[in-house]
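Try each one before reading its solution.

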Amino acid sequence: MTITLDEAVYEGLYRTVGRRHMSQFIEDLLRPHVLGDSLDSGYQAMAADESREQEAQAWCNGLAGDLADDQPRPSETKAPHATR
């Protein structure tokens, strides 16, 4: 297969990913656009993995707890002093 690119695009691609990695880079970009539902089926497979879902839920709950710990409690906040 031959693909024609603008010279500036080719040079940017060359600088960004290098000559030996261009094909894989382009394939990775195009894959979700041309294979359609492959991403959907991957998400469905992950959701069907109950062990993975339990681990993900535990991680989310831990993260939510960490965020809650970072919030000041009402007793820890001080009202600004009024100036007269």
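A pocket here is an open set of grid points with protein on both sides within 12 Å along at least five of seven lines, and its lining residues have an atom within 4 Å of a point. Keep in mind that the model is predicted.

**Exercise 1.** Work out which residues line the largest pocket and which helix gives the most to that lining.

*Solution.* Start with the space itself: the largest pocket holds about 290 Å³. Next, list the lining: M1, T2, I3, L5, Y10, L13, R19, M22, S23, I26, E27 and L30. Sort them by class and you get 8 nonpolar, 2 polar and 2 charged residues. Now bring in the helices: α1 (7-17) and α2 (22-34) each supply at least two lining residues. The top contributor is α2, with 5 residues.

**Exercise 2.** Track down the salt bridges, using a cut-off of 4 Å between side-chain nitrogen and carboxyl oxygen.

*Solution.* The count is 2. One pairs R31 with E27 at 2.4 Å, N to O. These two are 4 residues apart in helix α2, so about one helical turn separates them. R31 is partly exposed at 38%, and E27 is partly exposed at 36%. Another joins R52 and E53, with the closest N and O atoms 2.8 Å apart. Here R52 is partly exposed at 32%, and E53 is partly exposed at 34%.

Note on methods:
Residues numbered from 1 in each chain as written. Predicted model: local features only at pLDDT ≥ 70, side-chain atom pairs only at ≥ 80, totals over all residues. Heavy atoms only, no water. 1 Å grid on protein atoms, 1.4 Å probe; cavity = no way out; pocket = protein on both sides within 12 Å on 5 of 7 lines; lining within 4 Å. Points joined across faces, edges and corners; volume = space filled by probe spheres on them. Nonpolar A, V, L, I, M, F, W, Y, C, P; charged D, E, K, R; others polar. Buried < 20%, exposed > 50% of the residue type's maximum accessible area, 1.4 Å probe, protein only.
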